[in-house]
Amino acid sequence: MIQWPDVVGKWGSADFELAFVTAVQQLGTADLPLQQALAQSSYVSESPRTVVMLGSTATDYAIQIKAGIFYFGIIAGSCCSDDPTPLCEENEYCEVLFELDRQRTAARITLLSG
């Protein structure tokens, strides 16, 4: 699990959304379910992602955050019939649920839609 003590510690403050978005943008592509959400392409690109917090709720034990992630996928070698090697990036989007354990500051990430 991913440890996010800085994000959990900012819950309820004006800095929470920025801390959350920054933490998600710093994750590697393998840490997020982006590959499973691909609809237009074959592989997740390493290009920067845009993260939008869609909503959040909290209990004494957990913080749940629904987020939309805009990212790029790659269609390798299929952009032009006479050049088999170009990499074409396609826009992709998915919604993800982040569940943050308030005691352990650990995040569990679940794909909601692609």
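Contact here means heavy atoms within 4.5 Å. Please keep in mind that this is a predicted model.

1. Let's begin with Arg49, which sits in the loop between S2 and S3. Leaving out residues up to four places away in sequence, Arg49 touches Val24, Gln25, Leu27, Gly28, Thr29, Leu32, Leu34, Ile69, Phe70 and Tyr71.

2. Backbone oxygens do come within reach of the Arg49 side chain. A polar atom of that side chain lies 3.3 Å from the backbone oxygen of Val24, and one lies 3.2 Å from the backbone oxygen of Gln25.

3. Ser45 is in the loop between strand S2 (43-44) and strand S3 (50-58). Ser45 counts as buried because its relative accessibility is 5%. Its side chain makes a polar contact of 2.5 Å with the side chain of Glu89 and another, of 3.0 Å, with that of Ser47. Setting aside neighbours within four places in sequence, Ser45 is in contact with Thr29, Phe72, Gly73, Ile74 and Glu89.

4. Finally, have a look at Ala23 in helix H2 (residues 16-26). Ala23 has a relative accessibility of 12%, so it counts as buried. Not counting residues up to four places away in sequence, Ala23 touches Trp4 and Val7. The C-alpha atoms of Ala23 and Val51 are separated by 9.9 Å, with the two residues 28 apart along the chain.

Technical notes. Residues numbered from 1 in each chain as written. Predicted model: local features only at pLDDT ≥ 70, side-chain atom pairs only at ≥ 80, totals over all residues. Heavy atoms only, no water. Helix = DSSP H or I, 4+ residues; strand = E, 2+ residues; numbered from the N terminus. Buried < 20%, exposed > 50% of the residue type's maximum accessible area, 1.4 Å probe, protein only. Polar contact = N/O pair within 3.5 Å; in protein donor to acceptor, adjacent residues only side chain to side chain.
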